[in-house]
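Student: I am new to this structure. Please take me through one part of it closely.

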Amino acid sequence: MNFELKTLDLTAAASLKTDVLIVLVSAALKPARGSLSELIAQARKSGDLDATSGKILSVWRAAGVSAGRVLLVSTGDGHARQVRQAVAAAVASLKSVAPQSLTLWMEDASEQRVHAATQAVADTSYVYTATKPTAKASALKRVVLGLPTPSQTKAAKADFDHACAQVAGVALAKEWGNRPANHATPSMLAKVAQALGKKPRVRCEVLGPAQIQKLGMGSFAAVAQGSREPMRFIVLHYNGAAKSQAPTVLVGKGITFDTGGISIKPAAGMDEMKFDMCGAASVLGTFEALAQLQPAINVVGLIPTCENMPGGLALKPGDVVTSMSGQTIEVLNTDAEGRLILCDALTYAKRFKPRAVVDIATLTGACVVSLGHVRSGLFSASDELAHALEAAGEAALDPCWRLPLDDEYAEGLKSNFADVANVGGRDGGAITAAKFLQRFAKDYPWAHLDIAGSAWKSGAAKGATGRPVGLLLHYLLGTVPKRQSKATVPQAKSVARRRSPKRLA
Ligand code: BES
Ligand code: MN
Ligand code: ZN
């Protein structure tokens, strides 16, 4: 899908060649002269255009309008949330029309509205086809965002570019989140990362079982040992700034399927555990967006990825494993595997002397109980980092909510047989999981996002959401040094980039 930003007043919009013209009509919009303005005025007067946000009036072959179909869509007070909902409703109503081109007109742009509108078009027209050949892919090729004045278009340009990159990143995260576990194995995720590694300023390294063992990642390797699928440790670099600029490290949980292992999960709904790599997918999506935007920052992405399976070789309750940090862990429940793979990645992150580390994981059912499907769980001992992530979530309409990290919550993690146990009690489960991770993230500012409730939807609309790519991208762009938005350092043509990837076991 191709997005384009254009200056269009309502008169110009009326004569634009496009299959569908969507006009966002806020309560504040004052129609002037011209066919579209008249249409809006008449529709309001006759009561056919309800001012309630999300209400749609579809007009076919409107007089004086080139587009075959005009949708007048109410956005109420015009807040970004309303814009998102209204655009989603409008695009959804076009399913049977299957337009190839669409123009979206709004009177008054803002960063949030531009994001909301573009993301809503992309989300609503997304069709999963990878393992469903009978599904019809969206016909939509070209989307124009029209703003009334040149100064508006100019002011919205950077936000628009950001929004387009986010759309691409979210799409990648959704696509890989949705693919079933037999079509999204650790090796396949590594291939996606390697393809990203061919983009400008992105580099990718993939470690296999031998290298992972050699690093001493005994906790990660223990989770992977019950599966026939070989584990991978993916390292992505985005270098948009001088080497001296400390990177932000993103760590994504990449369990491509979580059966629970020997502490096996109940059968009902277990299919949804294919989404247990949505943290990893959000890191891949964020790198896709970074490659497109080329901001002047450095970012490292770390993805430990494997399956969590029962079997003759599988990890057993009570087993004690040694993490890369040297701390031993008593595995009281093999279903608390996310923290076991993340802890080694958090230790590995130290080598980059990061300015901050953010891990993203579908970590606990308890987080879903706490926050439902609206906000991701946020944990951080650093107020500065927490506030920046909270603000990014609000700006991106991809919100999170901070939960506490009092030391008393770690009480239950005590073990008689190792330095720490991998589970506490049932109560406050999202927090105990975060307390476990915190033990491995002492050397840098750290935050943890539990996306168990926000990464996918269940029921009839079952599918990945691509969250929290929006939050992460907003956060990262907020770390760009002032007056230096684009990458300035020359692109590294390192030997490692050109070398063909090693064959891994
Ligand atoms: N991947 C799950 C968390 C999860 C469960 C996400 C349901 C979304 C929906 C994670 O690996 C897990 O199984 N966590 C356990 C931890 C428990 C054993 C302490 C859980 O939440 O039940
Ligand atoms: Mn689990
Ligand atoms: Zn899991």
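Which atom of ligand 1 has a backbone N or O atom of Leu363 beside it, and at what distance in Å? Please start there, then widen the view to the rest of the chain.

Tutor: Keep in mind that this is a predicted model. The answer is a nitrogen atom of ligand 1: a backbone N or O atom of Leu363 lies 3.4 Å from that kind of atom. Thr362 also takes part through its backbone. One of its polar backbone atoms is 3.3 Å from a nitrogen atom of ligand 1. Lys265 uses its side chain instead. There, an N or O atom is 2.8 Å from an oxygen atom of ligand 1.

Now look at the wider surroundings of the ligand. There are 16 residues around ligand 1. Five of them come nearest: Asp258, Lys265, Asp335, Glu337 and Gly365.

Next, step back to the chain. On one side, 18 residues of domain 1 take part; they are in contact with 19 residues of domain 2. Between them the domains bury about 1,500 Å², and 66% of that is on carbon and sulfur atoms.

What links cross this interface? The rule finds 0 salt bridges between domain 1 and domain 2. Polar contacts do occur there: 3 residue pairs, both partners at pLDDT 80 or more. Three helices each supply at least two residues of the side of domain 1 that touches domain 2: α3 (80-92), α4 (111-125) and α5 (150-178). Helix α5 gives the most, with 11 residues. By type, the residues on this side of domain 1 divide into 8 nonpolar, 5 polar and 5 charged.

Salt bridges do turn up elsewhere. By the rule used, the count comes to 20. One joins the side chains of Glu288 and Lys199, with 3.4 Å from N to O. This pair links distant parts of the chain, 89 residues apart. Glu288 sits in helix α9, residues 278-293. Lys199 sits in the loop between α6 (186-196) and β7 (202-207).

Note on methods:
Residues numbered from 1 in each chain as written. Chains lettered and ligands numbered in written order. Predicted model: local features only at pLDDT ≥ 70, side-chain atom pairs only at ≥ 80, totals over all residues. Heavy atoms only, no water. Contact = heavy atoms within 4.5 Å. Buried area = accessible area lost by both parts, 1.4 Å probe. Salt bridge = Lys/Arg side-chain N within 4 Å of Asp/Glu carboxyl O. Polar contact = N/O pair within 3.5 Å; in protein donor to acceptor, adjacent residues only side chain to side chain. Helix = DSSP H or I, 4+ residues; strand = E, 2+ residues; numbered from the N terminus. Nonpolar A, V, L, I, M, F, W, Y, C, P; charged D, E, K, R; others polar. Near = heavy atom within 4 Å.
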